[in-house]
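Here is a short report on a protein model. Keep the structure open as you read and find each residue as it comes up.

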Amino acid sequence: MAKIEDLKEEAKKLLREGKVKYIIGYGAGTNGWPAAPLFVKTPEEVDRLVWDPTCVHNLVRFLVDEKRRKSRQKQPDKRPVGIVVKGCDSRAVVVLLQEKFIDRGDVFILGVSCEKAGVVDDSKLARKLGGKKAKKVAVNAENRFVVTTEDGEVEASAEELLAERCLECKANFPVVYDLLSGAKTKRPLDKPFGSLDKMEALSSEERWAFWKAQLDKCIRCYACRSACPMCYCDECVVDSINLAVTADTTADEKAQRIRWVQRSTESSENMVYHLVRAMHLAGRCIDCGECERVCPLDIPLRFLNKKLEKEAKELFGYEAGFDADLPALVSCFRDEDPQDFIR
Amino acid sequence: MAEDYEPRIVAFLCKWCSSAGSDLAGVSRMEYPPNVVPIQVMCSGSVSPLYIFSAFNKGADGVLVSGCHPGDCHYIKGNYYARRRLNLVKNLLEFVGLEPQRFRMSWVSAAEGTKYTQVIKDFVKDLKPLGPQTKLRRIS
Amino acid sequence: MEKTLPKKHFSQWLKSLTSRRVYVPRKDEDGRWNYAEADGGEAALEVLQTTLPPKKILFPQREVFLEFTQSREGQQETLELKDVLPEVRPTVIVGVRPCEARAAWLLDEVFSGEFKDVYYWKRRDETALVGLACTTPPSEHCFCTSVEGSPHSVEGLDLLLTDLGDRYYVQVLTPKGEKLVAAAKTLFEEPKPEVVKQAKAVQADSNKKIKRQLKDARPIAEKLKGMFDSTLWDEESMSCLRCGICTYLCPSCHCFDINDEVESPAPLRGQRVRTWDTCQFPDFTMHSSGHNPRPDKASRLRQRLLHKFQYFVQVYDRFMCVGCGRCIALCPVGIDIIKVLDKVKENGA
């Protein structure tokens, strides 16, 4: 894992010179997880920044918040915001740039490289530690994880603790940055999209049984949507509130207003919500894994997005988050796009 | 299942080609199964994945999207977008376990009344053994 | 009334309750615990924290209020409204944490008063809560003792079991609790004085094991009155994702949304449904004019904390927070309610 001394120096300089409003990075956590998002506003606070395998969060979500905050201010501060990004997170920045949601001048990107390692998965870590709490996680010279608990140190191989998405990592270091801390190394990859093999080998009925059981758990807390940097719509399709109700609105109008998905947590509604979200993220999801990490009911949401990511690559040669000049997946086409499924 | 089960198909037909093709089939008195609820859209490219999910949610047993042949789209490029987007929808629906035969796409031009009737006949024939669609349907 | 129940009789006692619907904590393949129907199966009582609190049984995610159907006969149009009250079987939830039962006691206050919520009370009246005292804290973030609760509090419970190794010390607290004991009274024994002494000692000891403390909760509640416009809320809410997990998993949060779900517009047919909602969603307070009095995360964090620690205290003289620590453990960005309230205490000092 990169040492971020150079990043901290740059951060201090940026804040001293007033070049950025504040810097979004990782700091020590208080709720039992070693890292948490940290908003650094002064050069003195910069030393609180940390970088280690527990920095799982995708901070790009806060760029969406920043844009919203600016839109509410009468005279917004137009300086950029500094942001610490991992390889995967930087792809989210690229997608936001591609969609012109933010300008390149709105962010100062402080990239960090995972340098052949990655971030840890919280459930894998909990299982490995058997109830003990992790105080610190580091990577040693042999690329093994070293976890410090209150009882001493525990060592583990990368595969035991790495987040599933890190095993399929496409960008070990940021693809866009103003400063890069750490080396541009590559992790040897598992088979791309290997995690889907097992699922795709199942029959239709088996797959349905799996997804029904998982999505029936959903309590529609919409945490998956809230944590995703790409779900930035002001009004989401499932929250159709855009009907101004006045004294003259008739009962018929209220009854017939378009409701694609009902609020109820019924099997079919949960299914449609997640399918719609997956479709809206086709060609945009960069597999930061936040949706699955935040889900309180442990629904394996990444599989839905991963499937469309695979289709985008294999059918259309499209990969999200590498080139900000590309059009969106669904607003371009090739003459040779497959059509053998069309009668 | 019941001998008298008739699958209900929702068909999104583009106005300039497929819908005209279905009109030709009607005007020419061609016979084909009456299981289709046709919805005319301006272009197959305007069919949002939401329409398809919603059709299944409301109880459709099968959904068809039909548009102009590549190169013949009234809006030049709409059907190319549809070809890409609906390919993704089809694969996603199959991935979650919906029977693959329930969603299909076709190219039907305004002159292809016969082709339209064949597409519908095939669809009904393939849907009958599957029975009613219960997976995405809202049962309350 | 007090009894003891030897552990070897516990399964038998559960079986004697099969005329009722019995919920127990169950582990799923991912290792998460949740209350699920026992279905006649075994239930080991352990001190643990489930992901979803028992409020999902008393106050379900989805509740149908009424059904409406429109029928037309010639020119005549009639709209039929049918009340739908939940059909509830007598229910027992076994292994409830005292804090969760305390939350039920708080919800009882909210859903009573001038307008009694018949849907909540139909379920509540038929449900008995059997608690297990927390001899050790189930979560590292427990702080029930700081909000006037305790690992062995009795509010909201019908029975409280305290684990004494080979047996449970049983406190029978309500007539519902008495009925549960009477269902298999031969399995219960009269407590010996030394057993009672042991139980009291275990309970007193459990208070000391709670690691996290929120000091001076009542003075903080007073101080919050003057902090509506503080900049503290903006600082503390910067990393909030407004994901809503804190409120959905909170045992005492009870905000809801009511929607008419129309199955068919003509003839009109549908249901009026209540679902969970959260003050953390941006459009929770959206007016139909488009104005939103809580448009930013700062105002929503403030709302959550003030509701739990000031408004509720003002109206009911109790904290709405029961100190279970779920919001702390499950917040994806580590926002810690105790730390925020500590900052409230230090603010301006």
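## A nonpolar patch on chain B

B:Trp16, B:Met42 and B:Tyr75 form a nonpolar patch on the surface of this predicted model. Together they have about 290 Å² of accessible area.

Look at B:Tyr75 in particular. B:Tyr75 sits in a loop of chain B, between β3 (62-67) and α3 (78-96). Its relative accessible area is 37%. Buried means under 20% and exposed means over 50%, so B:Tyr75 counts as partly exposed.

## Where chains A and B meet

Now turn to the contact between chains A and B. Chain A gives 43 residues to the contact, and chain B gives 40. The two chains bury about 3900 Å² between them. Of that area, 66% is on carbon and sulfur atoms. On the side of chain A, the residues that lose the most area to chain B are A:Trp260, A:Phe341 and A:Arg343. Together these three make up 20% of what that side buries.

Four salt bridges are counted between chain A and chain B. A salt bridge joins the side chains of B:Lys135 and A:Glu205, at 3.0 Å from N to O. Which elements of chain A give two or more residues to the side that touches chain B? They are α7 (197-201), α8 (204-216), α11 (267-280) and α13 (302-316).

## A buried arginine in chain C

C:Arg212 lies in a loop of chain C, between α6 (193-208) and α7 (217-224). Is C:Arg212 buried or exposed? Its relative accessibility is 15%. The cut-off for buried is under 20%, so C:Arg212 counts as buried.

The side chain of C:Arg212 makes polar contacts with two side chains named here. One is C:His141, at 3.2 Å. Another is C:Asp336, at 2.8 Å. Beyond four places away in sequence, C:Arg212 touches residues including A:Thr30, C:Glu140, C:Phe143 and C:Ile338.

## Its neighbour C:Ile338

C:Ile338 belongs to helix α12 (residues 337-346) of chain C. C:Ile338 has a relative accessible area of 1%, so it is buried. Leaving aside neighbours within four places in sequence, C:Ile338 is in contact with C:Phe143, C:Arg212, C:Gln213, C:Leu214 and C:Ile328.

Compare a residue elsewhere in the chain. C:His307 is 31 residues from C:Ile338 in sequence. In space, the two are 15 Å apart, C-alpha to C-alpha.

Terms used. Residues are numbered from 1 along each chain as its sequence is written. Chains are lettered from A and ligands numbered from 1 in the order in which they are written. This is a predicted model: local features need pLDDT of at least 70, side-chain atom pairs count only at pLDDT 80 or more; totals for chains, interfaces and linings use all residues. Side-chain values use heavy atoms; hydrogens and water are left out. Patches are made of residues with over 30% relative accessible area and no salt bridge: like charges are joined within 9 Å, nonpolar side chains (Val, Leu, Ile, Met, Phe, Trp, Tyr) within 5 Å. Accessible areas come from the Shrake-Rupley method with a 1.4 Å probe; for residues, only the protein chains shown count as cover. Helices (H or I, at least four residues) and strands (E, at least two) are DSSP runs, numbered from the N terminus. Buried means under 20% relative accessible area, exposed over 50%, partly exposed in between (1.4 Å probe, protein chains only). Contact means heavy atoms within 4.5 Å. Buried area is the accessible area (1.4 Å probe) that two parts lose on being put together, summed over both. A polar contact is a pair of N or O atoms within 3.5 Å; within protein, one must be able to donate a hydrogen and the other to accept it, and residues adjacent in sequence count only if both atoms are side-chain atoms.
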